[in-house]
Amino acid sequence: MSEQLLKRVWVTAAGIMLVGAAIATRWGSHMATGLFIGVAWNLASLWCLAHLLSAWIGPHPSRRRAIAWLLLKFPLLYLLAVVVFRSPRVSLIGFGVGFTIVLIVLVGWFALQARQMTLMRPHGR
C-alpha cells in the first residue's frame with residue numbers, strides 16, 4: 001500500500017472524527033467527547049497495530065521495534081481506555097459509536113480496495 005494512499009485513509013478518518021463529534025454535540029458534550037475519544041483511540045490503536053505488524057513481519061523485521069510497538073499499544077493504550085471509561089465527562093455510548101464508525105469506514109474502504117484489485121485484469125489492463 002502506498003504511503004500517499006495510507007495518508008488519505010488517515011486524513012479521511014480524522015475528518016470523520018471531527019464531523020462525527022460536531023454532530024454528536026446535538027446529544028450533549030459528553031456524547032461528543034466520547035465519540036471524539038472513541039474515534040481517536042481506535043485510530044491510535046490501528047496505527048500502533050499497523051506499525052507493530054510492519055516491525056514484526058515487514059520487509060525489515062525488528063524484534064526490538066515490534067516489542068516497543070507492542071508495549072505502546074497494549075499496556076499504554078488500554079490503560080488510557082480505563083482512565084477514559086472512569087471519567088464522568090465521557091459517554092461510553094459515544095466512545096463505542098466512535099470506535100464502531102472507524103471500524104466500519106476502514107473495513108469498507110479495504111473491501112473497496114480489494115474489489116478494485118480483483119476487477120483489474122492481469123498486467124494492469
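pLDDT is the predictor's confidence in each residue, from 0 to 100. This is a predicted model, in which local features need pLDDT of at least 70 and side-chain atom pairs count only at pLDDT 80 or more, while totals for chains, interfaces and linings use all residues. Residues are numbered from 1 along each chain as its sequence is written, and side-chain values use heavy atoms, with hydrogens and water left out.

**Exercise 1. Confidence and layout**

Solution. 
1. Helices (H or I, at least four residues) and strands (E, at least two) are DSSP runs, numbered from the N terminus.
2. The mean pLDDT of the protein is 84, and 91% of the residues reach at least 70.
3. Along the principal axes, the C-alpha atoms fill a box of roughly 55 × 35 × 20 Å.

**Exercise 2. Burial and contacts**

Task: Classify Q4, N42 and R89 as buried, partly exposed or exposed, and list the contacts of N42 and R89.

Solution. 
1. Buried means under 20% relative accessible area, exposed over 50%, and partly exposed in between (1.4 Å probe, protein chains only). Of the 125 residues, 26% count as buried.
2. Q4 belongs to helix α1. Its relative accessibility is 64%, so Q4 is exposed. Its C-alpha atom is separated by 17 Å from that of A114, 110 residues apart along the chain.
3. N42 sits in helix α2. Its relative accessible area is 2%, so N42 is buried.
4. Contact means heavy atoms within 4.5 Å. With neighbours within four places in sequence left aside, N42 is in contact with F99, V102 and L103.
5. R89 is in the loop between α3 and α4. Its relative accessible area is 65%, so R89 is exposed.
6. With neighbours within four places in sequence again left aside, R89 is in contact with H30 and T33. R89 and G28 are 61 residues apart in sequence, and their C-alpha atoms are 10 Å apart in space.
7. For the protein as a whole, take the contacts with a separation of 6 or more: residues 24 or more positions apart account for 67% of them.

**Exercise 3. Aromatic pairs**

Task: Count the aromatic pairs in the whole structure, then describe the geometry of W41 with F95 and of F74 with Y78.

Solution. 
1. A pair of aromatic rings is described by the distance of the centres and the angle of the planes. Rings of Phe, Tyr and Trp (its six-membered ring) pair if their centres lie within 6.5 Å; planes under 30 degrees apart count as stacked, over 60 as edge-to-face and the rest as tilted.
2. The whole structure holds six aromatic pairs.
3. W41 and F95 are 6.2 Å apart, centre to centre, with 55° between the planes, and this pair is tilted. It links distant parts of the chain, with W41 in helix α2 (residues 29-57) and F95 in helix α4, 54 residues apart. Both W41 and F95 are buried.
4. The ring centres of F74 and Y78 are 5.7 Å apart and the planes are at 10°, so this pair is stacked. F74 and Y78 both lie in helix α3, four residues apart, about one turn of the helix.
5. F74 has a relative accessibility of 38%, so F74 is partly exposed. Y78, at 36%, is partly exposed.
6. Ring pairs join W41, F74, Y78, F85, F95 and F99 into a cluster.

**Exercise 4. The cavity**

Task: Find how many cavities of 30 Å³ or more the structure has, and say which residues line the largest cavity.

Solution. 
1. A cavity is a set of points, on a 1 Å grid over the protein atoms alone, where a 1.4 Å probe fits but cannot get out; lining residues have an atom within 4 Å of a point. Grid points are joined across faces, edges and corners, and a volume is the space filled by probe spheres set on the points.
2. The search of the whole structure gives one cavity of 30 Å³ or more. The largest cavity holds about 30 Å³ of space.
3. Its lining consists of A13, I16, I101, V102, V105 and L106.
4. α1 (3-24) and α4 (92-119) each supply at least two lining residues, and α4 gives the most, with four.
5. Ala, Val, Leu, Ile, Met, Phe, Trp, Tyr, Cys and Pro count as nonpolar, Asp, Glu, Lys and Arg as charged, and the others, Gly among them, as polar. The lining then divides into six nonpolar, no polar and no charged residues.

Key
1 Å grid on protein atoms, 1.4 Å probe; cavity = no way out; pocket = protein on both sides within 12 Å on 5 of 7 lines; lining within 4 Å.
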